[in-house]
Amino acid sequence: MELNDILEQCINGQCSFKIGDCLSCVTSNIPNGYGVYCIYANSANGELLYIGKGGTVNADGTLKGQQLRKRLNNKQDKQKREKYFVERMKSEHLEILIIKWYILKDSSILPAFLEAMLIQAYFEKNKKLPRWNKSF
């Protein structure tokens, strides 16, 4: 299965976040579902800062954990994601974050598999992880 084939089968979209925005408000258009998200600096063609997922699969095949919108609004580095974004944006002089999201329609594809494919593609091109991803 090819990365672009999977992405084409996803429900997808994007939203933007600026300092002063309400993160839960700007992500409210993300439908319920499991998948991945990519965070870019300053534009949709800007530096890819982070790749993450929402959804973990149990041994019996059911999904647990947070759906994508809830995952985006949870915590990172032990603080609310909105506060984390604001602090990083200020320290790195970023004007806006673009969040591209992909909700999997095919329940036979693991969110972690799609996340791994995106990270692998980034790693092959850049020989490192996106700078906000600490490890994989």
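Mentor: Strands in this structure are DSSP runs of E with at least two residues, numbered from the N terminus. The model is a predicted one.

Trainee: In which strand is the place of Ile51?

Mentor: Residues 48-54 form one of the numbered strands, and Ile51 falls in that run. The strand is β3.

Trainee: Is Ile51 buried or exposed?

Mentor: A residue counts as buried under 20% relative accessible area. Ile51 has a relative accessible area of 1%, so Ile51 is buried.

Trainee: With which residues is Ile51 in contact, leaving aside its neighbours within four places in sequence?

Mentor: Contact means heavy atoms within 4.5 Å. With the sequence neighbours left out, Ile51 is in contact with Tyr37, Cys38, Glu115, Leu118, Ile119, Tyr122, Pro130 and Asn133.

Trainee: How far apart in space are Ile51 and Ala116, C-alpha to C-alpha?

Mentor: In sequence, 65 residues separate Ile51 from Ala116. In space, their C-alpha to C-alpha distance is 9.1 Å.

Trainee: In what order do the four strands form the open sheet?

Mentor: Strands of a sheet pair through backbone hydrogen bonds, either parallel or antiparallel. In this open sheet of four strands the pairing is antiparallel, and the order is β1-β8-β2-β3.

Trainee: Which are the edge strands?

Mentor: An edge strand in this sheet pairs on one side only. The two that do so are β1 (11-17) and β3.

Trainee: Which residue stands opposite Ile51 in β3?

Mentor: Strand β2 (residues 35-41) pairs with β3 in the antiparallel sense over six bridges. The residue that stands opposite Ile51 is Cys38.

Trainee: Which strands does α5 touch as it packs on the sheet?

Mentor: The direction of α5 makes about 165° with that of β3. Packed on the sheet, α5 touches β2 and β3.

Trainee: In β8, what is the bridge partner of Tyr40?

Mentor: β2 and β8 run antiparallel and are joined by seven bridges. The partner of Tyr40 in β8 is Ile98.

Trainee: And in β8, what is the bridge partner of Gln14?

Mentor: β1 and β8 also pair in the antiparallel sense, over seven bridges. The partner of Gln14 in β8 is Lys100.

Trainee: At what distance from the ring centre does Lys100 lie over the face of Tyr40?

Mentor: A charge sits over a ring only if NZ of Lys or CZ of Arg is within 6 Å of the ring centre. For Lys100 over the face of Tyr40, the distance is 5.1 Å.

Trainee: Why is β8 largely enclosed by the rest of the structure?

Mentor: The reason lies in how many of its residues are buried. β8 is largely enclosed because, of its seven residues, the number buried is six.

Trainee: How many residues has the largest nonpolar core?

Mentor: Those with the most contacts inside this core are Tyr37, Ile39, Leu49, Phe85, Leu97, Ile99 and Trp132. The elements that give two or more residues to the core are β1, β2, β3, α3 (68-72), α4 and β8. The number of residues in the core is 21.

Trainee: What is the angle between the planes of Tyr84 and Trp132?

Mentor: The structure holds five aromatic pairs. Tyr84 and Trp132 form one that is edge-to-face, with 5.8 Å from centre to centre. Planes over 60 degrees apart count as edge-to-face, and here the angle is 80°.

Trainee: Which residues do ring pairs link into a cluster?

Mentor: Tyr84 and Trp132 are both buried. Ring pairs link these two into a cluster whose members are Phe17, Tyr84, Phe85 and Trp132.

Terms used. Residues are numbered from 1 along each chain as its sequence is written. This is a predicted model: local features need pLDDT of at least 70, side-chain atom pairs count only at pLDDT 80 or more; totals for chains, interfaces and linings use all residues. Side-chain values use heavy atoms; hydrogens and water are left out. Rings of Phe, Tyr and Trp (its six-membered ring) pair if their centres lie within 6.5 Å; planes under 30 degrees apart count as stacked, over 60 as edge-to-face and the rest as tilted. Buried means under 20% relative accessible area, exposed over 50%, partly exposed in between (1.4 Å probe, protein chains only). A charge sits over a ring if NZ of Lys or CZ of Arg is within 6 Å of the ring centre and within 35 degrees of the ring normal. Two strands pair if DSSP finds at least two bridges between them. Axes are lines fitted to C-alpha atoms, for helices over the stretch in contact, and angles run from 0 to 180 degrees between N-to-C directions. A nonpolar core is a set of buried Ala, Val, Leu, Ile, Met, Phe, Trp, Tyr and Cys residues joined through side-chain atoms within 4.5 Å.
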